Amino acid sequence: MSRDPERDAVEPEKAPPVPRTAPDEPPAAGKSAEAILASIFAPVAEASPLEQLEQTIRHPKKLIYIAMSNRNFYWRMHVSKLVLDEGYVPINPFMLFDYYLLHTVPKQLVREAINNLLSRCDEVWVFGTMSLGVKVQLGIAKRLKKPLRVYRISEKLAQEEGRD
């Protein structure tokens, strides 16, 4: 479909005027670099503790349980960031218990704590390979009728990341 460029062109004198927000201000489309940078780096007022509490009570965020194999342990922060960026609260056992509390607590005690967290979460997201532990957590999630989401981590990418 060919278009006529002369028909689509608008002469400068026929172009609609750029709207002004106030009579003294320069046109909105003609902001200077300094003005743009000032608006980007302007301090943002933080919510008071009372406002934060009210926001949390009125609009609670979903808790997302992160199921992942210990083979993907080094992805723990990236995965938690992804969940936070999606607008949810990550419950990541590797961030909470730091790989079985560096083996200072019996594994069974930590597993019971992990399963209790899983039961309280709204959804379960799986990242990477399916180890036996992840399969057990999926079984628990299915019995509790939790929504599931699966993210594949490329084995090749995981191996390359592991070398660094």
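Which residues form one aromatic cluster here? Y88, W125, F127 and Y151 do. Before I go through them, please note that this is a predicted model.

Four strands form an open sheet, paired in parallel, and their order is β2-β1-β3-β4. At the edges are β2, residues 89–91, and β4, each of which pairs on one side only. From one strand to the next the twist averages 30°. For anyone new to this, strands of a sheet pair through backbone hydrogen bonds, and the pairing is either parallel or antiparallel.

Now to β3. Five bridges join β1 to β3, and these two strands run parallel.

How many of the five residues of β3 are buried? Five of the five are, so the strand is largely enclosed by the rest of the structure. In a regular strand the side chains alternate between the two faces of the sheet. In β3, E123, W125 and F127 point one way, while V124 and V126 point the other way.

Helix α4, residues 76–85, lies across β1, β2, β3 and β4, and runs at about 150° to β1. Helix α6, residues 107–120, packs on the sheet and touches β1, β2 and β3. The direction of α6 makes about 135° with that of β1.

Back to the rings. A pair of aromatic rings is described by the distance of the centres and the angle of the planes. The count for this model is five aromatic pairs. I will show two.

Why is the pair of W125 and Y151 tilted? The ring centres are 5.7 Å apart and the planes are at 50°; a pair counts as stacked under 30 degrees and as edge-to-face over 60, so this one falls in the rest, as tilted. W125 lies in β3, residues 123–127, and Y151 lies in β4, residues 148–151, so the pair ties together parts that are 26 residues apart in sequence. W125 has 0% relative accessibility and counts as buried, whereas Y151, with a relative accessible area of 23%, is partly exposed.

The second pair is F127 with Y151, and that one is stacked, with 4.7 Å centre to centre and 5° between the planes. This pair also links distant parts of the chain, with F127 in β3 and Y151 in β4, 24 residues apart. F127 counts as buried, at 4% relative accessibility.

What lies over the face of F73? R76 does, at 4.0 Å from the ring centre.

To finish, go back to Y151 on the structure. Y151 pairs with W125 in a tilted arrangement and with F127 in a stacked one, and Y151 belongs to one cluster with W125, F127 and Y88. That is my part.

Conventions
Residues numbered from 1 in each chain as written. Predicted model: local features only at pLDDT ≥ 70, side-chain atom pairs only at ≥ 80, totals over all residues. Heavy atoms only, no water. Phe/Tyr/Trp six-rings, centres within 6.5 Å; stacked < 30°, edge-to-face > 60°. Buried < 20%, exposed > 50% of the residue type's maximum accessible area, 1.4 Å probe, protein only. Lys NZ or Arg CZ within 6 Å of the ring centre and 35° of its normal. Pairing = 2+ DSSP bridges. Axes fitted to C-alpha atoms, helices over the stretch in contact; angles between N-to-C directions. Contact = heavy atoms within 4.5 Å.
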